[in-house]
Amino acid sequence: VQLVESGGGLAQPGGSLRLSCGVDGYIASINAMGWYRRAPGKQRELVAIDIDAGGINYAGSVKGRFTISRDTAKNTVSLQMDSLRPEDTAVYYCYALGRLTPGADVNIYWGQGTQVTVSS
């Protein structure tokens, strides 16, 4: 199972970008999907996550600017990023928590990462 990301790139401050992520391969169930990011010289941090029966959580720095949307039927997740700031520059990683087969242990899956650069 792989998480395949698309989107990202270069945006000006105040601009918008959209990231998308889908599952390539079979997975029995997914309990959560979301996005993390790692800025240069910093640790990876949660951006937004959609959890079954747990709702949606955003990092405080992106709340009101980013919107996560998840399609549980298609196992996809998107991140609409508006009002981008230079400090949003990072590699963004898709995340999924799920079971490969029914009854199996829960595993964490990561996308390969996509670069987002916000600069004038």
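Which residues have the most contacts inside the largest nonpolar core? They are Trp 35, Val 47, Phe 66, Leu 79, Met 81 and Tyr 92, in a core of 27 residues. Keep in mind that this is a predicted model. Below is a quick tour of that core, then the aromatic pairs, the salt bridges and a couple of residues worth a look in the viewer.

- S9 gives the most, with four residues.
- Leu 79 is one of the residues with the most contacts inside the core. Setting aside residues up to four places away in sequence, Leu 79 touches Leu 17, Arg 18, Leu 19, Trp 35, Val 47, Ala 48, Phe 66, Thr 67, Ile 68 and Tyr 92.
- Among those partners of Leu 79, Trp 35, Val 47, Phe 66 and Tyr 92 are also on the list of residues with the most contacts in the core.

**Aromatic pairs**

- The count of aromatic pairs comes to three.
- Take Tyr 36 and Tyr 95: the ring centres are 5.3 Å apart and the planes sit at 45°, so this pair goes down as tilted.
- Tyr 36 belongs to strand S4 (residues 29-38) and Tyr 95 to strand S9 (residues 90-99), so the pair ties together parts of the chain 59 residues apart in sequence.
- Are these two tyrosines, Tyr 36 and Tyr 95, buried or exposed? Both are buried.
- Tyr 36 also pairs with Trp 110, this time edge-to-face, at 5.1 Å centre to centre with 75° between the planes.
- Trp 110 is in strand S10 (residues 106-110) while Tyr 36 is in S4, so here the parts tied together are 74 residues apart in sequence.
- Trp 110 itself is partly exposed, at a relative accessible area of 31%.
- Put together, ring pairs make a cluster out of Tyr 36, Tyr 95 and Trp 110.
- There's a charge in the picture too: the charged end of Arg 44 sits over the ring of Trp 110, 3.9 Å from the ring centre.

**Salt bridges**

- Side chains of opposite charge can pair when their charged atoms come close. How many salt bridges does the structure hold? The number is five.
- Arg 37 and Glu 45 form one of them, with 2.7 Å between the closest N and O atoms.
- Glu 45 is partly exposed, with a relative accessible area of 34%, whereas Arg 37 counts as buried at 6%.
- Arg 65 and Asp 88 form another, with their closest N and O atoms 2.8 Å apart.
- That Arg 65–Asp 88 pair joins two loops: Asp 88 is in the one between strand S8 (76-81) and S9, and Arg 65 is in the one between strand S6 (55-58) and S7, 23 residues apart.
- Both Asp 88 and Arg 65 are buried.
- Salt bridges link Arg 37, Glu 45, Arg 65 and Asp 88 into a network.
- Asp 50 and Arg 70 meet in a salt bridge as well, at 3.5 Å from N to O.
- With Asp 50 in strand S5 (residues 45-51) and Arg 70 in strand S7 (residues 66-71), the pair ties together parts 20 residues apart in sequence.
- Asp 50 and Arg 70 are both buried.

**A closer look at Arg 70**

- The relative accessible area of Arg 70 is 17%, so this arginine counts as buried, the cut-off being under 20%.
- What does the Arg 70 side chain reach, at 3.2 Å? The backbone oxygen of Ile 30.
- The Arg 70 side chain also reaches the backbone oxygen of Asp 50, at 3.1 Å.
- Apart from neighbours within four places in sequence, Arg 70 is in contact with Ile 30, Asn 31, Ala 32, Met 33, Asp 50, Ile 51, Asp 52, Thr 76 and Val 77.

**And Leu 97**

- Leu 97 is in strand S9 and counts as partly exposed, at 23% relative accessibility.
- Neighbours within four places aside, Leu 97 is in contact with Ile 30, Asn 31, Ala 32, Val 106, Asn 107 and Ile 108.
- Ile 30, Asn 31 and Ala 32 are contacts of Leu 97 and of Arg 70.

Technical notes
Residues are numbered from 1 along each chain as its sequence is written. This is a predicted model: local features need pLDDT of at least 70, side-chain atom pairs count only at pLDDT 80 or more; totals for chains, interfaces and linings use all residues. Side-chain values use heavy atoms; hydrogens and water are left out. Rings of Phe, Tyr and Trp (its six-membered ring) pair if their centres lie within 6.5 Å; planes under 30 degrees apart count as stacked, over 60 as edge-to-face and the rest as tilted. Buried means under 20% relative accessible area, exposed over 50%, partly exposed in between (1.4 Å probe, protein chains only). A charge sits over a ring if NZ of Lys or CZ of Arg is within 6 Å of the ring centre and within 35 degrees of the ring normal. A salt bridge is a side-chain nitrogen of Lys or Arg within 4 Å of a carboxyl oxygen of Asp or Glu. A polar contact is a pair of N or O atoms within 3.5 Å; within protein, one must be able to donate a hydrogen and the other to accept it, and residues adjacent in sequence count only if both atoms are side-chain atoms. Contact means heavy atoms within 4.5 Å. A nonpolar core is a set of buried Ala, Val, Leu, Ile, Met, Phe, Trp, Tyr and Cys residues joined through side-chain atoms within 4.5 Å.
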